[in-house]
Amino acid sequence: DVRTTEGRVERTFVDKRREIEFANGLKKVMWPDGRTTVLFQNGDRKEIYSDGIVVYHYTATGAVQTTLTDGTEIYQFSEGQFERHCPDGSKEIQFPNGTSKQIFADGSEEIRFADGTIRRTAAQR
């Protein structure tokens, strides 16, 4: 263990993993494969992969947010809802009841209900 003047504790392990524990309780783990894990005080966890993908696990809600290298955000909720938010402003949402919603970059929307009904809404100008 190496203690720094800022109150951090740094550890290096035999498996080449490095850990930094900050005075406020935050812990950062750097893995030999290039991945970094950040463990937050509230139980949340962020995984930063060497390819630039970031995965954030929200402990309180069970939701998982994945940020892809192109800026696309993917949300997975514990009740089964799935969302994809694209850099162009478009969104795709899948609900647990089988309904899906597309919000296009121009603001128009399309909802597909589980019974096959489709409702389209023009962009608001």
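Me: What makes the approach between the side chains of E47 and T37 a polar contact?

Reply: The side chains of E47 and T37 come to 2.9 Å of each other, and a polar contact is a pair of N or O atoms within 3.5 Å, where within protein one must be able to donate a hydrogen and the other to accept it, and where residues adjacent in sequence count only if both atoms are side-chain atoms. A polar contact of 3.2 Å also joins the side chains of E47 and R45. This is a predicted model, in which local features need pLDDT of at least 70 and side-chain atom pairs count only at pLDDT 80 or more, while totals for chains, interfaces and linings use all residues. Residues are numbered from 1 along each chain as its sequence is written, and side-chain values use heavy atoms, with hydrogens and water left out.

Me: Why is E47 called buried?

Reply: E47, which lies in strand β6 (residues 45-48), has a relative accessibility of 8% and therefore counts as buried, given that buried means under 20% relative accessible area, exposed over 50%, and partly exposed in between (1.4 Å probe, protein chains only). Strands (E, at least two residues) are DSSP runs, numbered from the N terminus.

Me: How do you know that I74 counts as buried, and which residues is I74 in contact with, leaving aside its neighbours within four places in sequence?

Reply: I74, found in strand β9 (residues 73-76), counts as buried because its relative accessibility is 13%. With those neighbours left aside, I74 is in contact (heavy atoms within 4.5 Å) with V64, Q65, T66, L68, F82, E83 and R84.

Me: Why is the pair of Y56 and Y58 called tilted?

Reply: The structure holds 3 aromatic pairs. In one of them, the ring centres of Y56 and Y58 are 4.5 Å apart and the planes stand at 45°, so the pair is tilted; rings of Phe, Tyr and Trp (its six-membered ring) pair if their centres lie within 6.5 Å, and planes under 30 degrees apart count as stacked, over 60 as edge-to-face and the rest as tilted. Y56 is buried, at 17% relative accessible area, whereas Y58, at 31%, counts as partly exposed.

Me: What makes the pair of Y75 and F77 stacked?

Reply: The ring centres of Y75 and F77 are 6.3 Å apart and their planes are at 10°, so this pair is stacked. F77 has a relative accessibility of 28% and therefore counts as partly exposed.

How values were computed
Helix = DSSP H or I, 4+ residues; strand = E, 2+ residues; numbered from the N terminus.
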